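Please find below a note on the model under review.

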Amino acid sequence: MAVNSIPEGYSSVTPYLIVSDTASAITFYKKAFDATEVMRIDGPHNKIWHAEIQIGNARVMLADEFIEMGIHCPKTLGGAG
């Protein structure tokens, strides 16, 4: 029996974005791309540990940066935001 390595609802490539303000990013994606929030896991200090949005047939994962854990967004590292 064949096993599908891609979970139902996901495409073959699923981006995972680390951002400085996930809540604001989700609000932006909802307005700009008619995204739907699929799930959100809140963490301490008003941070989002993990969130997923759906844009059309594509799932996108997001999380806040956690500098104290070494998880940085590109903007903090001096790259594109």
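1. The model is predicted: local features require pLDDT of at least 70, side-chain atom pairs count only at pLDDT 80 or more, and totals for chains, interfaces and linings use all residues. Residues are numbered from 1 along each chain as its sequence is written, and side-chain values use heavy atoms, with hydrogens and water left out.

2. An open sheet of four strands has the order β1-β4-β3-β2, with mixed pairing; strands are DSSP runs (E, at least two residues) and helices likewise (H or I, at least four), numbered from the N terminus, and two strands pair if DSSP finds at least two bridges between them. Because β1 (16–19) and β2 (36–42) each have a single partner strand, they stand at the edges, and one side of each lacks a neighbour in the sheet.

3. β2 and β3 (residues 48–55) run antiparallel and are joined by six bridges. Within β3, I48 stands opposite D42.

4. The rings of F28 and Y29 are 5.5 Å apart at their centres, with planes at 65 degrees, so the pair is edge-to-face (centres within 6.5 Å; planes under 30 degrees apart are stacked, over 60 edge-to-face, the rest tilted). F28 and F33 are also edge-to-face, at 6.3 Å and 85 degrees. F28, Y29 and F33 form one aromatic cluster.

5. Y29 is buried, at 18% relative accessible area, whereas F28 is partly exposed at 48% (buried is under 20%, exposed over 50%, partly exposed in between; 1.4 Å probe, protein chains only). F33 is partly exposed at 46%.

Technical notes:
Rings of Phe, Tyr and Trp (its six-membered ring) pair if their centres lie within 6.5 Å; planes under 30 degrees apart count as stacked, over 60 as edge-to-face and the rest as tilted.
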